[in-house]
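Student: Could we go through this structure together? I'd like to know where the labels come from.

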Amino acid sequence: MRRLVRLALLPALVSGAAHAQQAGWGNVGQQPEETGFDWTRPLFDGFWMAWTPATLAVFAGIFAAMGVLTVLEIRRPGGAPRDGVLGLTTTRGDRLFLTLLGTAFIFLGWLFLFGQPVWGALALSIGWGVFCFWKV
Amino acid sequence: MNKTWNQKAWLLVLPVVLLVAFNALVPMMTVVNYSVQETFGNNTFFWSGLQWFEQILTSERFHAALGRQVLFTSIILLIEVPLGVAIALCMPKKGVWVPVCLVLMALPMLIPWNVVGSMWNIMALPDIGLLGYFLNEVVGWQFDYTQDPIDAWVTIIAMDVWHWTSLVVLLAYAGLVSIPDAYYQAAEIDGASRWAVFRHIQLPKMKSVLTIAILLRFIDSFNIYTEPFTLTGGGPGNATTLLSIDLVKIALGQFDLGPAGAMSLIYFAITLLVSWLFYTLMTRNDP
């Protein structure tokens, strides 16, 4: 009778061991399988340029802005120069440059003074960009 | 007005665009990617956000290196620009001495940067170097740039002035010889003094080349690496560790690619801002 019970339990033990191996000690050191989109995970594993969706988006944004300026320049050549409040004659390209340079320093200044998070810096940068394209 | 549009020029610009893309844009984008991640090698990266920027911006070490860099560049500009203009004013405008002066002036700039560093390193050594021995034994100055921070600074500044004043001289000289004689004749008729001729004729006519000279000297001296590294290696202690030397120590010495990437971007932003300010202020009233 006991032998019969043991025999009956054998498949359950074997499958249990297999399951344990899969879920437990067989996976030590392995990263859990990641699913879904993450802005901060490497885009191409093992690639030396180390792209992430977040950094790619930053550059895509800058190149898109330059693309928009190119289209505008083709449609309305001359760069729309004007004398702004800073006493400078600026074109559309100058205003984008000032926006990006200013944004970099707003973020650096915020990190130096307050540290993370940088939501305040983001708000200030958007304000600075609006100011650049509106008044400078 | 009907203007003919010719877009062929874009094709001629294409090689430069490709070159810049590969030697500047791709490395720049890589640095941005490294600056927000951590790596232990093997091209495996972990996101770290803006942590490295915060760390660099608040580190005493970075502040000290930046301070030294600003001091170095300020001293270099304050010496080289007036000295270069003065030498250019003293150079002959006509005759056989013109090519001799030009070649003599161009010589320091033809020497590779690491050779300049090595030359000054050996020349300024207090025991066997000509300059160091002379200062110690003849002048009586206890000069030893390997031990004394002030002596090290004097040596790297002297080296840079020797190496790069020529650039300002040649640019200022090019501006001076382009001034037509009529201006000088008019000034003579008006009885203008030597200073008035310099202030109202020569200096305004040199303005555009001097703008370029100051910009080039600012960018070069702010990014200087090879010469002070070969001369002092950043020492004694950290006395002459300029920004670029510190950056290389972090990137290649400690292999901290993340902080080095963040520091590179901060360094780049400062260079870009100051260059833009210089250029904008100096060309603001131009027609």
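Tutor: Touching, or contact, means heavy atoms within 4.5 Å. Keep in mind that this is a predicted model, where local features need pLDDT of at least 70, side-chain atom pairs count only at pLDDT 80 or more, and totals for chains, interfaces and linings use all residues. Residues are numbered from 1 along each chain as its sequence is written, chains are lettered from A and ligands numbered from 1 in the order in which they are written, and side-chain values use heavy atoms, with hydrogens and water left out.

Student: Where is B:Gln202? And why does B:Gln202 get its burial label?

Tutor: B:Gln202 sits in helix 9 (residues 194-222) of chain B; helices (H or I, at least four residues) and strands (E, at least two) are DSSP runs, numbered from the N terminus. Buried means under 20% relative accessible area, exposed over 50%, and partly exposed in between (1.4 Å probe, protein chains only). B:Gln202 has a relative accessible area of 4%, so B:Gln202 is buried.

Student: What makes B:Leu50 buried or partly exposed?

Tutor: The relative accessibility of B:Leu50 is 22%, so B:Leu50 counts as partly exposed. You'll find B:Leu50 in the loop between strand 2 and helix 2 of chain B. Apart from neighbours within four places in sequence, B:Leu50 is in contact with A:Leu111, A:Gln116 and A:Val118.

Student: How many residues does each chain bring to the contact between chain B and chain A?

Tutor: Chain B gives 29 residues and chain A gives 28 residues. Together they bury about 2,500 Å², with 77% of it on carbon and sulfur atoms. Buried area here is the accessible area (1.4 Å probe) that two parts lose on being put together, summed over both. In chain B, the residues that lose the most area to chain A are B:Asn33, B:Trp47 and B:Trp276, together 21% of what that side buries.

Student: Which elements of chain B give two or more residues to the side that touches chain A?

Tutor: They are helix 1 (9-35), strand 2 (45-47), helix 2 (51-57) and helix 12 (257-283) of chain B. The residues on that side divide into 19 nonpolar, eight polar and two charged. For those groups, Ala, Val, Leu, Ile, Met, Phe, Trp, Tyr, Cys and Pro count as nonpolar, Asp, Glu, Lys and Arg as charged, and the others, Gly among them, as polar.

Student: How many salt bridges cross the interface of chain B and chain A?

Tutor: Zero, by the rule. A salt bridge is a side-chain nitrogen of Lys or Arg within 4 Å of a carboxyl oxygen of Asp or Glu. Over all chains, a search of the whole structure finds five.

Student: How do you know that A:Glu73 and A:Arg92 form one of these?

Tutor: Their closest N and O atoms are 3.1 Å apart, and the limit is 4 Å. A:Glu73 lies in helix 2 (residues 53-75) of chain A and A:Arg92 in helix 3 (residues 92-113) of chain A, so the pair ties together parts 19 residues apart in sequence. A:Glu73, with a relative accessible area of 33%, is partly exposed, whereas A:Arg92, with 11%, is buried.

Student: What do B:Arg61 and B:Asp246 tie together?

Tutor: Their closest N and O atoms are 2.9 Å apart, and they form a salt bridge. B:Arg61 is in helix 3 (residues 60-90) and B:Asp246 in helix 11 (residues 243-253) of chain B, so they tie together parts that are 185 residues apart in sequence. B:Arg61 is partly exposed at 38% relative accessible area, while B:Asp246 is buried at 3%.

Student: And what makes B:Asp160 and B:Arg217 a salt bridge?

Tutor: The closest N and O atoms of B:Asp160 and B:Arg217 are 2.7 Å apart, against the limit of 4 Å. B:Asp160 lies in helix 7 (residues 149-177) and B:Arg217 in helix 9 of chain B, so this pair links parts that are 57 residues apart in sequence. B:Asp160 has a relative accessible area of 1%, so B:Asp160 is buried, and B:Arg217 is buried with 0%. Salt bridges that share partners join B:Glu80, B:Asp160, B:Arg217 and B:Asp220 into one network.
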